[in-house]
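Keep the structure open beside you as you read.

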Amino acid sequence: MGDIHDGPRKRIATAHLAQHIGQPVCFVGRVEKIHPSGKLFVLSDGEGKHTTVELSEPLDEEISGVIEVVGRVTNQATIMCMSYIQFREDKSPFDLELYNEAIKIIHEFHEYFPFG
Amino acid sequence: GGYTQSPGGFGSPAGTQAEKKQRTRTQNIVPCTVSQLLAAEQVDESFRIRNVEISQVTIVGIVRHAEKAPTNILYKVDDMTAAPMDVRQWVDTDEAGGENAVVPPGTYVKVAGHLRSFQNKKSLVAFKIMPLENMNEFTTHILEIINAHVVLRRNLMEASRGPQAFPSAGVSDMGSYGGVCSMPLNGLTAHQSQVLNLIKNCPVPEGMSLQELKAQLHSMSMSTIK
């Protein structure tokens, strides 16, 4: 784990990437495609908008379903991934649309859900 | 030997019984972010968020680290709002395993416990750590945090203003736009309160789809719900 995990990582959706260039963020989305090199994959958020996630090392496993990525937003509005986990959906599907709504509420009511 | 968790000097696993006697005033269990817990002010032996005493809290986060010791398991739980928080769970040394099996790192958990501070470092003493089987509970927890803290603030305002008629946090006819956080009275617009309350009261573990919300809130257009 790198330093990024010792501080706040704001939860964002694709629409917020541009406002968070250079910042540590947390992004949850569904795997759409994985680049053959394994160093890049695309996630869709709860509004269906796509975000590109880059890795410094290629993936060493198959990823699918809903992924939560921690990383930093690059100048190109992609996310440089520092770590990720897969959400379990073995018992129930994850409602990504509802999560997107929750993100909007987190941002609007930031006083009641502070990052840092 | 025990581990001194709080200024009160509870040094043994059986401390929870004594703690309960001392803290009978604090009945609420408040969902919080780690950042809120870190910012909570300590007043003597109790903690306050928005000047309301809190003791029992819940957090939801990922286990980043788990360390088993003879009498306790130390976890570091990360909810992205700050650095991971220390969560200590006392184990019954007579128990072979089962309930006190170590939760592996990378697992999302819901922790219910008491906030503690020792040498200016905050931590939780957990009475329950539950791996999430349905990740929609994680989303619900986010909404519950905001709802709970909006209500805490509203109650604080009510108390300071004295007996006046205030709308409940649920349905409000005021039509006041509380979208800006500096609004002291009702942190949510009427529409947002309704949506939040519905989500909160949803009996279905998977949560509510927008379609379900729409069906229940007949008076609202889809764009308003969104």
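Strands and helices here are DSSP runs, numbered from the N terminus, with at least two residues (E) for a strand and at least four (H or I) for a helix. Two strands count as paired if DSSP finds at least two bridges between them. What you have on screen is a predicted model, where local features need pLDDT of at least 70, side-chain atom pairs count only at pLDDT 80 or more, and totals for chains, interfaces and linings use all residues. Residues are numbered from 1 along each chain as its sequence is written, chains are lettered from A and ligands numbered from 1 in the order in which they are written, and side-chain values use heavy atoms, with hydrogens and water left out.

Go to chain B and find strand β2 (residues 41-43), which runs antiparallel to strand β3 (residues 46-49) and is joined to it by three bridges. The hairpin of β2(B) and β3(B) has two residues between the strands, and Asp44(B) takes a positive phi near 55° there. Across this pairing, Glu41(B) stands opposite Arg48(B).

How confident is the predictor? The model scores ipTM 0.96 and pTM 0.75. For chain B, the mean pLDDT (the predictor's confidence in each residue, from 0 to 100) is 74, and 56% of the residues reach 70 or more. Residues 8-12 of chain B fall below 50, though this stretch has twelve contacts beyond near neighbours in sequence, a contact being heavy atoms within 4.5 Å. Residues 213-220 of chain B are below 50 as well, with 18 such contacts.

Now for the interface. The contact takes 36 residues from chain A and 44 from chain B. About 3,500 Å² is buried between the two chains, with carbon and sulfur atoms giving 61%; buried area is the accessible area (1.4 Å probe) that two parts lose on being put together, summed over both. In chain A, Leu98(A), Phe109(A) and Tyr112(A) lose the most area to chain B, together 21% of what that side buries.

Which polar links cross over? There are 14 residue pairs in polar contact across the interface, both residues at pLDDT 80 or more. Here a polar contact is a pair of N or O atoms within 3.5 Å; within protein, one must be able to donate a hydrogen and the other to accept it, and residues adjacent in sequence count only if both atoms are side-chain atoms.

Three salt bridges run between chain A and chain B, the rule being a side-chain nitrogen of Lys or Arg within 4 Å of a carboxyl oxygen of Asp or Glu. Glu133(B) forms a salt bridge with Lys91(A), the closest N and O atoms being 3.1 Å apart. Arg9(A) and Asp78(B) also meet in a salt bridge, at 2.7 Å from N to O. Arg9(A) lies in the segment before β1 (10-12) of chain A and Asp78(B) in strand β6 (residues 72-78) of chain B, so this pair joins two chains.
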